[in-house]
Amino acid sequence: MEKENSNVENRTEDGAGALVDSYGRTMDYLRISLTDRCNLRCRYCMPKEGIPAFKHEDIMTLEEVYRVAEVMTGMGIRRIRLTGGEPLVRKNMLSLVRRLGELPSKPELSLTTNGVLLEDYLEELSEAGVGRINISLDTRNPETYRELTGVDALDKVERALDKAVSMKLQVKLNCVPIIGINDGELTGLAEIAAQSPVDVRFIELMPIGCAKGFKGINRESILSELERAFGGAEKDMPEAGPAGITAVGPSEYYRFKGFMGRIGFICPMSHAFCAKCNRLRLTADGRLKLCLYYPDGPALLPLLRSGISDGELRETIRQSLKNKPERHYFGDKEHTDSDARNMIQIGG
């Protein structure tokens, strides 16, 4: 891909051009990790021995998170997803969600959660403006769930799922298919899309942290298995979210006859989507992560605490985009410069 000049017609609230990197890609999607802590211990995400948690003083305060979000929505960010760890374990996180929902630019707000605590939060999340909920669920089998996560909470996740659907929220289930873990249970997960207006998405395992010790399953194998069970599938197009924004993301969707929901695939390894990347990540410790593969990105937290102005913060963010790489190199044995942290430390 050749580098392009950043001549962008659309203007943002601060009067400058949109967030465009050196390859002409516009960044309009920010994923914010609120915490590195989680109430599950999923085997492909958290090492068995655990990891040292960030110190309290090394985590962004909710006010600091809001300030970065406020500045970046003024620069063209239209979608904000709150992640973790598990974002619902972050104390007072609802106060942040409410403030984000009141931003002048009205960004589309969404949440990725393991669903264990979700049931009690749904009404307030919806009232604050969260219209999309992604629930991470790798199995419907209680025994497999306990073995994979270390807890017995599948019933709580299922209740939260049912409630979110009844509230007419846009719900997606994210499943990471792994050989020897849940490879015999994918059809059962897909049946959720048959019975309710939920998109069930199969996400290719990425070799990040302790996930390097597991082997994922590719899209072709899963789709063939589902077509044997449910008949032929037809390719589907992305749909607009609650704010009327059509997602330009990595998911490829299929519809099966008689299904209320869709089946999706996200394949960062076998079908990389770097050429249309539109996202940035803000880690819980305040680093603006430019690419999931690389550890690089400006450390915003010390800048915020040293009194940086909003204008200087905008310029720091804009300049950092010049360093956003063209692509990731997961699976390429010639490249060994990937981020060494586990996914829970980076943010989903």
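Among contacts in the protein between residues at least 6 apart in sequence, 74% join residues at least 24 apart, and this figure, like every other value here, belongs to a predicted model. The protein has 348 residues, of which 52% count as buried, and its secondary structure consists of 10 helices and 11 strands. Its accessible surface comes to about 15800 Å², with 47% of that area belonging to carbon and sulfur atoms.

**Confidence of the model**

- The mean pLDDT of the protein is 87, and 84% of its residues reach 70 or more.
- One stretch with pLDDT under 50 covers residues 1-11, for which the model has 16 contacts beyond four places in sequence.
- Over residues 241-246 the pLDDT is likewise below 50, and this stretch has 17 contacts in the model beyond near neighbours in sequence.
- Where pLDDT is low, the predicted coordinates should not be read in detail.

**The nonpolar core**

- The largest nonpolar core has 87 residues, and those with the most contacts inside it are F202 and I263.
- Helix α1 (residues 62-73) supplies the largest share of this core, namely seven residues.
- Once the neighbours within four places in sequence are left aside, I263 is in contact with A190, A193, V200, F202, L226, E252, Y253, Y254 and F256, so that F202, which is named with I263 for having the most contacts inside the core, is also one of the contacts of I263.

**Helix α5 and its surroundings**

- Helix α5 spans residues 154-166, and its 13 residues reach 19 Å from the first C-alpha to the last, close to the 18 Å expected at 1.5 Å a residue.
- The buried residues of α5 are L154, V157, A160, L161, A164 and V165, and because they cover an arc of only 130 degrees around the axis, they lie on the same side of α5.
- The face of α5 turned away from this buried side carries the exposed residues D162 and S166.
- Packing against the buried residues of α5 involves the helices α3 (122-128), α4 (142-149) and α6 (186-195), together with the strands β4 (130-136) and β5 (170-175).
- Just after α5, K168 takes a positive phi of about 65 degrees.

- In α4, the buried residues are T144, Y145, L148 and T149, and they line one face of the helix because, seen down the axis of α4, they fall within an arc of 110 degrees.
- The exposed residues E143 and E147 are carried by the face of α4 turned away from its buried side, whereas what covers the buried residues of α4 includes α5.
- T139 lies in the loop between β4 and α4, and T139 counts as buried because its relative accessible area is 1%, where the cut-off for buried is under 20%.
- Leaving aside neighbours within four places in sequence, T139 is in contact with T144, Y145, L154, E185 and L189; among these, T144 and Y145 are buried residues of α4, and L154 is a buried residue of α5.
- T139 and P177 are 38 residues apart in sequence, and their C-alpha atoms are 9.2 Å apart in space.

**Helix α9**

- Helix α9 covers residues 310-320, with L313, I317 and S320 buried, and because these cover an arc of only 65 degrees around the axis, they are on the same side of α9.

**Backbone geometry in the loops**

- Most residues other than glycine have a negative phi, and most peptide bonds are trans.
- A cis peptide bond with omega of about 20 degrees joins G84 and G85, and G85 lies in the loop between β2 (79-83) and α2 (93-101).
- N92 is also found in the loop between β2 and α2, and N92 has a positive phi of about 65 degrees although it is not a glycine.
- K106, in the loop between α2 and β3 (108-113), has a phi near 50 degrees, a positive value in a residue other than glycine.
- K106 counts as exposed because its relative accessible area is 52%, where the cut-off for exposed is over 50%.

Definitions and conventions. Residues numbered from 1 in each chain as written. Predicted model: local features only at pLDDT ≥ 70, side-chain atom pairs only at ≥ 80, totals over all residues. Heavy atoms only, no water. Helix = DSSP H or I, 4+ residues; strand = E, 2+ residues; numbered from the N terminus. Expected span 1.5 Å × (residues − 1). Buried < 20%, exposed > 50% of the residue type's maximum accessible area, 1.4 Å probe, protein only. Arc of directions from axis to C-beta. Contact = heavy atoms within 4.5 Å. Areas by Shrake-Rupley, 256 points an atom, 1.4 Å probe, with all protein chains shown as cover. pLDDT = per-residue confidence, 0-100. Core = buried A, V, L, I, M, F, W, Y, C linked by side-chain atoms within 4.5 Å.
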